[in-house]
Amino acid sequence: MNYIDEFRNPEVAAQFVRLIAGQGRTLAAQGLRVHIMEVCGSHTMAIGRYGIRQLLPENVELISGPGCPVCVTDPGYIDTAIALAGRGAIIATFGDMIRVPGSDSDLTACRSAGGDVRVCYSPSAAVELAQSHPDREVVFLAIGFETTIAPVVSIVGEALSAEVRNLSLLTAFKLVPPALSALLADTEIKIDAFLCPAHVSAIIGSRAYEPYAAKYHVPCVIAGFEPLDILYGVHGILGQVLKNEARVENQYARVVRPEGNPLAQARIAKYLDPVDAVWRGIGVIPASGLGLKPAFAAYDSEKKFGLPVRPGRQHAGCRCGDVIKGKLRPTACALFAKVCTPDHPVGPCMVSAEGTCAAYFKYNLPDERQGGVK
Amino acid sequence: MSADKVIQLAHGGGGRLTRELIEQEIVPRFGNGPLRGLPDGATLPSPGERLVFTTDSFVVQPLEFPGGNIGDLAVHGTVNDLSVCGGQPKWLSLALILEEGLSFSVLGRVLDSVRAAADACGVTVATGDTKVVARGQGDGIYVNTAGIGLALPEFTLGLERIREGDCVLVNGTLADHGMAVLAARQNMDFINGPRSDTGTVHRLVMAVREFGAAVRFMRDPTRGGAAAVLNEMVEGRELGILLKERNLPLAPATRAVAEMLGIDPLHAASEGRLILICASEVAPEILKCWRALPEGAGSVCLGTVTRDKGRVVLETVTGGRRLVDVPRGELLPRIC
């Protein structure tokens, strides 16, 4: 634990808070406000867990981004999973997905109604499930960002070498860089800098952000998930803003390399091709997802069962889309903490352990639960 | 009986095997007190005082985990419930629901632990019951214990007695039981992994009788952890609680597992801990009394009672503040 405690040292944290306060004053003197988007859901949770938002100057704002794979999954995807369960398939999934609302229902209700929905803690468990139920079809809900894609898609290789044919993947893999590009191109959203994800960056490498930093002139700072990492990251971003720079800065060099993880990248390239993907709340972003190559069509649930995912409908009042894009604070949504709570989630941002609304609900003090449209 | 024998349905049938099970497993361990002669009910001396009465069921998986098993847990759970009500535990009932196929060696170890824990707590297993269910209809062993204790006159406990400035004390590290069981269930193979804190708090309660008037409230932080207990204490009230993250007592192995699984240790169960709220003047005295006992060696002040209406707030290591909410839903692992 020593290795963790060093990144939670209260004295060092206090020093960073002082430095950031000084930067905030200099920015304020120039009449500047800085909007920093933390892209990753794990950052959102860490910021809440350590109360970091309140340690920042008034003119430095952290905005939560689209970095929770559950939250950006379209309701139509859940509808397809429910339909497959209705056809008798075993649905194998990570736990967070079972309460995500589809158009009319969710997988928890599907399970209560007799659907065979099982929570797995590892993708390999889906292969074992298929082997132990040779007379059934097993569908694994393959969602996630770059971090989880390689291990998840590797089960296709496992299934091939074990000659398991009753397993397929319902894929909704998402890529972070195209989403950043879409957010930056949206003129309604004010983003001055990105606090870039830690683990996604370990896979794609720090170089992946260079085109965006240059094209849109936004500082991109890669930071780890510990409180000092985050404070250091914010300090780095403000330093760049004050100098009017826009560089990629890798502050998580203990894990992230410029070139990323070539092994994981090769694994992804072996099985998957870029596809256009639907992001809940954002819509279709070109080449922002990954689908199985035609050679592996036998393991592609949509093709195997002729049941393509179609766009679904979300709850009329749910504004998760705006929350995901950073346009709306969760607290400004009319449903937040009233109709929509972790016990009765209306939208996916309240379901996932890394969802922005769940983080606000869980960690924010009630008098900070006021917010507004930015 | 030999170690490789297993429970059969007939052990619950009321016939010869039932008698054999009772005579060989139960009577030698518990047959000397009110259970002597196996009456249908226990006859107990009336102490002529107020009594405390509670019951609890135990379904933990795995049955045996680092630091304990379902047997001592079933004793500690009920003894601790009596203790935090300001009771001196006296008698327990022990009801076992056994699954066909359970090995006698596991049963024997569990019953040995029941006996050892009961002896350590000074309680008598006064009555009991054994049932057997078919394979697949139970999970090895389920245990129910009910307990009777004498209400200690020194204590007048109540949430309404809590005042601003009161201290929140605990007798040791938090979340050890929850993390030990979770680690065992996930087959995480640790060297020096987390160990359950399953244990009794009754001596801690007895030790602070002299400060009884200044003790406001006691509760054991089991399911839902310290977060659930502390929130219950202030929910809907004018008062709140402020905790300091730097002061949270956490064993290194417990913290490591909580970090790995992404679980807030404030949400995880303890089974040998007592959270006590008292007037600040007596807090140092109580801590001193507790620290003299092995089960209180790690006693600390967790935080203080504030005027922060109904809120439990944590001052984090970075100096920020955040709400400590009650745990919700299942404890799910991270997916990215």
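These legends describe close-up views of two interfaces in a predicted model. Local features need pLDDT of at least 70 and side-chain atom pairs count only at pLDDT 80 or more, while totals for chains, interfaces and linings use all residues. Residues are numbered from 1 along each chain as its sequence is written, chains are lettered from A in the order in which they are written, and side-chain values use heavy atoms, with hydrogens and water left out.

**View 1. Domain 1 and domain 2 of chain A.** Domain 1 covers 2-69 + 189-201 + 208-250 and domain 2 covers 320-368; the bounds come from an automatic or database domain assignment. Their centres, taken over C-alpha atoms, are 21 Å apart. In contact (heavy atoms within 4.5 Å) are 17 residues of domain 1 and 16 residues of domain 2.

**View 2. The salt bridge between the domains of chain A.** One salt bridge is counted between domain 1 and domain 2, the term meaning a side-chain nitrogen of Lys or Arg within 4 Å of a carboxyl oxygen of Asp or Glu. Glu61(A) pairs with Arg329(A) in a salt bridge, with 3.1 Å between the closest N and O atoms.

**View 3. Chain B against chain A.** Chain B brings 25 residues to the contact and chain A brings 35. About 2800 Å² is buried between the chains, 58% of it from carbon and sulfur atoms; buried area is the accessible area (1.4 Å probe) that two parts lose on being put together, summed over both.

**View 4. Arg255(B) and Asp5(A).** Four salt bridges are found across the interface of chain B and chain A. Arg255(B) and Asp5(A) form a salt bridge through their side chains, at 2.5 Å from N to O.
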